[in-house]
Amino acid sequence: MIWKQEFTLEGLNNFSQNTLVEHLGIEITAHTDNSLTGRMPVDHRTVQPMRVLHGGASAALAETLGSIASVLCIQDPSRHTAVGIELNASHLRSARKGFVLGTAKAIRIGRRVHVWQIDITDEAGKLVCVSRLTMAIVEIKN
């Protein structure tokens, strides 16, 4: 298992109140020993003018999942935190309704750098977007 902290889905979702995550309707829905999954609605908050899922919304879902996952992999979150340093997103298919589901899986969990693969699918399981997120683990400055 890659997680260094105990957590609940409710706690993770409460942590995101009053943020972009809440505004976009993103919620964490599941986890395994090495992955974190969440969903986001395809609605007025997340579509572009053509009424299909906005690529930036997919990127926000990917970065949200990888960022939360990285924080959960930090040994001492009172001394270190995770910050995104690179996000790549390849948009493969449009989504027009329902929810998209993202799953973040670790490619590498190092002491100072974490790399995540985030696959985003529609409700039928068709791949909508593939992303790779690189996170830097930095010391918290008081």
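## The largest pocket

Ten nonpolar, seven polar and two charged residues make up the lining of the largest pocket. Here Ala, Val, Leu, Ile, Met, Phe, Trp, Tyr, Cys and Pro count as nonpolar, Asp, Glu, Lys and Arg as charged, and the others, Gly among them, as polar. This is a predicted model, where local features need pLDDT of at least 70, side-chain atom pairs count only at pLDDT 80 or more, and totals for chains, interfaces and linings use all residues. Numbering starts from 1 along each chain as its sequence is written, and side-chain values use heavy atoms, with hydrogens and water left out.

Of the 19 lining residues, F15, S16, S67, I68 and V71 lie nearest the centre of the largest pocket. Two or more lining residues come from each of α1 (9–15), α2 (20–23) and α3 (55–72), and α3 gives the most, with seven. (Helices are DSSP runs of H or I with at least four residues, strands are runs of E with at least two, and both are numbered from the N terminus.) A pocket, on a 1 Å grid over the protein atoms alone, is an open set of points where a 1.4 Å probe fits, with protein on both sides within 12 Å along at least five of seven lines; lining residues have an atom within 4 Å of a point. The space in the largest pocket comes to about 420 Å³, a volume being the space filled by probe spheres set on the points, with grid points joined across faces, edges and corners.

## The second largest pocket

Sorted by class, the second largest pocket has three nonpolar, four polar and five charged lining residues.

## The sheet

Six strands form an open sheet in the order β1-β2-β4-β5-β6-β3, with antiparallel pairing; two strands pair if DSSP finds at least two bridges between them. β1 (27–31) and β3 (80–91) each have a single partner strand, so one side of each is left without a neighbour in the sheet. β1 and β2 (residues 35–41) run antiparallel and are joined by four bridges. In that pairing, A30 has T37 of β2 as its bridge partner.

## The cysteines

How many disulfides are there? The count is zero, taking a disulfide as a pair of cysteine sulfur atoms within 2.5 Å. C73 is buried at a relative accessible area of 6%, and C129 is buried at 0%. Buried means under 20% relative accessible area (1.4 Å probe, protein chains only).

Methods: Buried means under 20% relative accessible area, exposed over 50%, partly exposed in between (1.4 Å probe, protein chains only).
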